[in-house]
Structures are given as structure tokens and as C-alpha cells.
Amino acid sequence: MEAWHGGEYGDRGRCVLAPNPGIMTLDGTNTWILREPGSGRSIVVDPGPLDDGHLDAVAAVAGQVDAVVVTHHHADHTEAARSFAERMGCGVRGLDPAQCWRSDPLTDGEVLSVGGLDVEVLTTPGHTTDSISLLVEADRALLTGDMVLGRGTTVIVHPDGDLGSYFDSIARMRALVTSGRVDSLWPAHGPVLPDAAGVLDHYVLHRRDRLAQVEAALPRLGLAPSDLPPDVAEHPTLPRQVVEVVYADVDESLWGAAESSVRAQLAYLARR
């Protein structure tokens, strides 16, 4: 597996990789700097952790920052948002008002215009309720936050993560590909994905396969999907029992994250 280091993508994207690698963050958080060619003004997306070296590197290439934007509220994306915005003399914007500072919350369909650059905001809940994606149509690129990762697939943690919303958001992204507005995906973790259609189709198939496995595990535990109560995701033992069946071939160190995903899958099956 080739290491990911960030770099320049399209004519308008520059990724500076934060030094916070891990199981959930892959190589680290991708801080994206979006700027129109020839402009000195930019948008900085997901400043990441409070790491002076990382923030110095971002500031060195960002020029005049008009706005800091966060794709969702998780700390590996937002920890440095306010301090970096203070440093650069701008505000922080996100979908959740709690993530904003000296700026209004983002809205679906809003276009951020900075120095000739247009970036469209798309609400894409699923990984979290406040997840957004950013369309840089001039580069036919979509910044996906954690909805799509550069390697593997994203985690949907109940209750903030919701599988029904996730399927809807992936379908919305796929429609952008079908309409010719998006070719590549620029994720918040891991490498850029040049085959947007293939990746999004894989995401749906993978999640549908896992969902089918969860559903098939229920009879082994003496249950049918129709037996699931609305609050099944809060059941004290059932999600772990399902994990032990469905994820038997997965390292047990990952079972905690798998259990969170199973809770979201059980909630989806109970509503279906």
C-alpha cells in the first residue's frame, strides 16, 4: 500500500496532511486548501488537530483565508478550527451552529465564492448528522469529509450516524457523477479517488452486503427482522452477539467500531 502524503489536485485543491495517523484517521486528517488559480484568497477545510507544525504548513500555502470550513464535528477535523481562524482573521463555518465562530452556519446549496472560486455546499448526513460535502465543480471534484474515505469504508456510529441517511447521501453524490459534475473524490482521510463512480458503487454494495449479513445473523440468534423493536440499537447484548457472527473473521480489536456500525444497521432494519 503506497503511503499518502497529500499534494496538489486539480487546479484548485491542495492537501496538507496532518500528523495524526491512526486506525480511524488512516494516514491523518487531510486539510484541504481551495483556491482559484492566480488568486491570493482561499478556503481552508478541516484544519485538523492543534499541531503547530501542521498549522504553520497550512498557513504557509493558504494565503489570505476567507473562511475555515469544517465537514463535521469530530475533533480530528475541528480541534484547531477556531485557533486557526483567529490566527488567519476569519470565521469558522459548519452545518452545526455549535461548530461556527463569528460566522453563520452553512446551508444546503449555498455557494461559497472566494476570489473567483465557487464551492457548493451539500448536506450529506450519514457518518454524522452534520456531515457536509463540498463541490468544486470547476475541477469536477467533491470533498467528501468522512462520508467516503481514501481507503476502506467509513464508520457509521449510532445514534449520530444513520444508515438510511447514508444511503440517501451516497445516492446524491452518485447523481453528481451521473450528471457529469463530479469525476473524483477528495476525502478527509486517505488518498484522492479518481474513479468517483466506481468508489460510490462499491460503497453501496459493501454496505448492502454487510446489512444482508446482519439480517442473516438474526435467525441464528432466534430473531427475525420483524421482531426488532424501534429501540433495538440500544439493546445491551444483541449488537455484540451480531458482531460475533458477522465479524468473526475480523480482528477483535475492531469489534468495538463494528458494534457501533451494527447498532446503526439494526436501527435501519427495525425501521424498514
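Which residues are linked with Asp-11 in a network of salt bridges? I looked this up first, and found Asp-11 joined with Arg-12, Glu-36 and Asp-139 in such a network, a salt bridge being a side-chain nitrogen of Lys or Arg within 4 Å of a carboxyl oxygen of Asp or Glu.

I note that this is a predicted model, in which local features need pLDDT of at least 70 and side-chain atom pairs count only at pLDDT 80 or more, while totals for chains, interfaces and linings use all residues. Residues are numbered from 1 along each chain as its sequence is written, and side-chain values use heavy atoms, with hydrogens and water left out.

I then turned to the salt bridges, of which the structure holds 18. Arg-172 and Asp-108 meet through their side chains at 2.9 Å, N to O; Arg-172 sits in helix H4 and Asp-108 in the loop between strands E6 and E7, 64 residues apart (helices, H or I of at least four residues, and strands, E of at least two, are DSSP runs numbered from the N terminus). Arg-172 is partly exposed at 30% relative accessible area, and Asp-108 is partly exposed at 41% (buried means under 20%, exposed over 50%, partly exposed in between, with a 1.4 Å probe and protein chains only).

I also looked at Arg-263 and Glu-259, whose side chains form a salt bridge at 2.9 Å, N to O. Both residues lie in helix H7, four residues apart, about one turn of the helix, and both Arg-263 and Glu-259 are buried.
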